[in-house]
Amino acid sequence: MDAKMLTAILVAGLVATMAGAGIYAYFSDTETSSGNTFTAGTLDLKVSHSSTGPWTDGVTATWTLSNMKPGDKTPTASVFFRNFGSIKSSTMEITCDYSVVEEANPAESDTDPYTNEHPDEMAKYMVITSMWYRNDQLNINCLTGHDEYSGETKEDWKVSDTDGDGRITLYDLKMDPLVNLPSPDTQPYLYTQLDMKIKFNEDAGNEFQGDIFNLTMIFTLKQ
């Protein structure tokens, strides 16, 4: 057999092999998984003036003093918290903000008719005399950071004297918020509360005569 014939046979065999490879098929069946959704959960902190509700997105006039003079105190008043969201929270943060409304026609003895322009000065005389964050499982003194139930003490749970004036005030709470407090979810379906008392310090002077101090307490639930 000469070389040309051998080459022709080999080429014919290769073509037949390639043609044969194309006659095979594979069965297949494709299915799908549909309707897959990813829905974000919610944190929904609600507050009340009572442990039984009604639970709302905000309350007003928890701590008030009318016609106050230096040395006057509020009664101990409370705000109650519950998480109505679909996911559990891990911590609570508490801070505040405030403003001052200057008397429209200041008395002659009012030595600062522009207190509204620097509300921090009045806030430094609004003393927090008592502040407790508590439920059936914790009882935290927010002036010391000590939980009387567990015996644990944390700086995060304490309002510090940020300006070194020897008292804990609403100014200090604004500058040094309470953070990493145990969540109200430590008591599922129940409540946690903040009890607080405020005093207009005895050292307050004539610069605050007739002024209105507006306080907003801010409660933030965190995952």
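Begin with β1 and β2 (residues 77-83), which run antiparallel and are joined by 4 bridges. V47 has F81 as its bridge partner in β2. Strands here are DSSP runs of E with at least two residues, helices are runs of H or I with at least four, and both are numbered from the N terminus. Two strands count as paired if DSSP finds at least two bridges between them.

A word on the source: this is a predicted model, where local features need pLDDT of at least 70, side-chain atom pairs count only at pLDDT 80 or more, and totals for chains, interfaces and linings use all residues. Residues are numbered from 1 along each chain as its sequence is written, and side-chain values use heavy atoms, with hydrogens and water left out.

Now follow β2 to its other neighbour. β2 and β8 pair antiparallel over 5 bridges. There, A77 has M196 of β8 as its bridge partner. The whole open sheet has 6 strands in the order β1-β2-β8-β4-β5-β6, paired antiparallel. β1 (45-48) and β6 (146-147) stand at its edges with a single partner strand each, so one side of each has no neighbour in the sheet.

How enclosed is β2? Of its 7 residues, 7 are buried, so β2 is largely enclosed by the rest of the structure. Buried means under 20% relative accessible area, exposed means over 50%, and partly exposed lies in between (1.4 Å probe, protein chains only). In a regular strand, side chains alternate between the two faces of the sheet. Both faces of β2 are covered. A77, V79, F81 and N83 are buried on one side, and S78, F80 and R82 are buried on the other.

A second open sheet has 3 strands in the order β7-β3-β9, again with antiparallel pairing. Its edge strands are β7 (178-182) and β9, each pairing on one side only. Neighbouring strands in this sheet are turned by 30° against each other on average, direction ignored. That angle comes from axes fitted as lines to C-alpha atoms (for helices, over the stretch in contact), with angles running from 0 to 180 degrees between N-to-C directions. β3 and β7 pair antiparallel over 3 bridges. M92 stands opposite L181 in β7.

The largest nonpolar core has 39 residues, of which F81, M92, I94, M131, Y133, M217 and F219 touch the most other members. Strand β3 (residues 91-101) gives the most to this core, with 5 residues. Such a core is a set of buried Ala, Val, Leu, Ile, Met, Phe, Trp, Tyr and Cys residues joined through side-chain atoms within 4.5 Å. In soluble globular proteins, nonpolar side chains tend to be buried together. Look at M131: leaving out residues up to four places away in sequence, its contacts include I94, I140, L173, L194, M196 and M217. Contact means heavy atoms within 4.5 Å.

Turn to the rings. The structure holds 7 aromatic pairs. W55 and F84 form a tilted one, 6.1 Å centre to centre with 55° between the planes. W55 is in the loop between β1 and β2, F84 in the loop between β2 and β3, 29 residues apart. W55 is buried at 17% relative accessible area, whereas F84 is partly exposed at 37%. The rings of Y125 and F208 are also paired, with centres 5.3 Å apart and planes at 55°, so this pair is tilted. Y125 lies in the loop between α2 (120-123) and β4 (126-134), and F208 in the loop between β8 and β9, so the pair ties together parts 83 residues apart in sequence. Both Y125 and F208 are buried. Rings of Phe, Tyr and Trp (its six-membered ring) pair if their centres lie within 6.5 Å; planes under 30 degrees apart count as stacked, over 60 as edge-to-face, and the rest as tilted. Ring pairs also link F81, Y133 and F219 into a cluster.

Charges meet rings too. R167 lies over the face of Y125, at 4.9 Å from the ring centre. The charged end of K124 sits over the ring of Y171, 4.7 Å from its centre. The cut-offs are NZ of Lys or CZ of Arg within 6 Å of the ring centre and within 35 degrees of the ring normal.

Finish at D211, in the loop between β8 (192-200) and β9 (212-222). D211 is buried, with a relative accessible area of 10%. Beyond its neighbours within four places in sequence, D211 is in contact with V100, V101, E102, E103, D110, T115 and M122.
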